[in-house]
Amino acid sequence: MIQVTEQIALSEDDIEERFIRASGPGGQNVNKVSTAVQLRFNAAACPALSSAIRWRLAKLAGRKMTRDGVIVLTVDQYRSQERNRELARERLVELIRAAAVPPKHRRPTRPSAGVRERRLEHKKKTAQIKRNRGKVRSFD
């Protein structure tokens, strides 16, 4: 079990990992060893996630989530397979934690009378300055 929050725990069966060849530095090792990890998490079928969390998760994941509701994370930052695997899991947990936080409800407010008055005063001054900009007339 992977503990995401106090209420959310993911089963190891929900996560599928495949190891693929990574690009970048590594010398001859890069052609022989599959160090990059491709983590797949089926968020649509996960019973630990509520529908609200799934919706926010889809918004946060963006292109990382397929149409079927599967989150695909590819990590090839390190030369070690184990470190890439840990980083992929950490990224998934952080993504779900961010989706688990409900957004704050915004209470609409109105600008105070003083703020409105200062704004209008500033507009009047700016308009006066622009009005004074005109063609220069000769007084000959």
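Trainee: Which residues of α2 are buried?

Mentor: This is a predicted model, in which local features need pLDDT of at least 70 and side-chain atom pairs count only at pLDDT 80 or more, while totals for chains, interfaces and linings use all residues. Residues are numbered from 1 along each chain as its sequence is written, and side-chain values use heavy atoms, with hydrogens and water left out. Helices (H or I, at least four residues) and strands (E, at least two) are DSSP runs, numbered from the N terminus; buried means under 20% relative accessible area, exposed over 50%, partly exposed in between (1.4 Å probe, protein chains only). In α2, the buried residues are Ile53, Arg56, Leu57 and Ala61.

Trainee: Which exposed residues does the face turned away from the buried side of α2 carry, and what do the buried residues pack against?

Mentor: The face turned away carries Ser51, Trp55 and Lys59, which are exposed. Contact means heavy atoms within 4.5 Å. The buried residues of α2 pack against β5 and α3.

Trainee: What is the order of the strands in the open sheet?

Mentor: Two strands pair if DSSP finds at least two bridges between them. The pairing in this sheet of three strands is antiparallel, and the order is β3-β4-β5. Each edge strand pairs on one side only, and these strands are β3 (15-20) and β5.

Trainee: What angle does the direction of α3 make with that of β5?

Mentor: Axes are lines fitted to C-alpha atoms, for helices over the stretch in contact, and angles run from 0 to 180 degrees between N-to-C directions. α3 packs on the sheet and touches β3, β4 and β5. Its direction and that of β5 make an angle of about 140 degrees.

Trainee: Is Asn84 buried or exposed?

Mentor: Asn84 lies in helix α3 (residues 81-100). Among the residues that Asn84 touches, not counting those up to four places away in sequence, are Val37 and Val75. Because its relative accessible area is 0%, Asn84 is buried.
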